[in-house]
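I opened my notebook and loaded a model I had not seen before. Here is what I looked up.

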Amino acid sequence: KITSDIKKALEQLCEDQNLTSERLGLLVGVSQRTANRWLNGEAKKIHESNWARLSPYLIRYLPAESSIVKSRLETINKARFLRDSNETGFILFSAYV
C-alpha cells in the first residue's frame with residue numbers, strides 16, 4: 001500500500017534528485033506511466049518486485065519509526081551477520097589448512 005509517508009518520500013526523492021517520472025521509472029526499471037501513477041496517487045500499491053528496487057532509494061526519506069524502515073534495517077543486519085559469519089568461518093577454516 002502506498003501510504004502518505006511513502007508518497008512524501010517519493011516526492012522528496014524526486015525533488016532532491018531532480019527526477020521526473022520518466023527518470024524515476026528508468027532508475028527503478030518501471031515505465032514512466034507506472035512511476036507517474038505512484039507520484040500522482042493513482043496507484044494504490046507498489047508491486048513487490050518494484051518495491052525491492054525502489055525502497056533502497058526511499059529509505060532515507062521515510063520516518064525512522066516506519067515499519068518499512070525497521071524491516072529494511074532487520075534485513076540489512078541479517079545480511080551483515082551472515083556475511084560476517086561466512087567471513088569468520090572461512091578465516092577459521094583457512095587457519096587450519
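**Ground rules.** I am working with a predicted model, so I keep its limits in view: local features need pLDDT of at least 70, side-chain atom pairs count only at pLDDT 80 or more, and totals for chains, interfaces and linings use all residues. Residues are numbered from 1 along each chain as its sequence is written, and side-chain values use heavy atoms, with hydrogens and water left out.

**Helix H1.** I began with H1, which has 14 residues. Helices here are DSSP runs of H or I with at least four residues, numbered from the N terminus. From first C-alpha to last, H1 reaches 20 Å. That is close to the 20 Å expected at 1.5 Å a residue, where the expected span is 1.5 Å times one less than the number of residues.

Which residues of H1 are buried? I found Ile6, Ala9, Leu10, Leu13 and Cys14. Viewed down the axis of H1, these buried residues fall within an arc of 130 degrees, so they line one face of the helix. The arc is taken from the directions from the helix axis to the C-beta atoms. For burial I used relative accessible area with a 1.4 Å probe and protein chains only: buried is under 20%, exposed is over 50%, and partly exposed lies in between.

I then turned to the face of H1 directed away from its buried side. That face carries the exposed residues Ser4, Lys8 and Glu15. After H1 comes Asn18, and its phi is positive, near 55 degrees.

**Salt bridges.** How many salt bridges are in the whole structure? My search found 2. The test is a side-chain nitrogen of Lys or Arg within 4 Å of a carboxyl oxygen of Asp or Glu. Side chains of opposite charge can pair when their charged atoms come close.

- Lys7 pairs with Glu11, with the closest N and O atoms 2.7 Å apart. The two are 4 residues apart in H1 (residues 4-17), so about one helical turn separates them. Lys7 is partly exposed at 26%, and Glu11 is partly exposed at 38%.
- Arg37 pairs with Glu42, with the closest N and O atoms 3.8 Å apart. Arg37 is partly exposed at 29%, and Glu42 is partly exposed at 47%.

**Ser21.** My last stop was Ser21, which sits in helix H2 (residues 21-28). Is Ser21 buried or exposed? It counts as buried, at 12% relative accessibility. Leaving aside neighbours within four places in sequence, Ser21 is in contact (heavy atoms within 4.5 Å) with Gln32, Ala35, Asn36 and Leu39.
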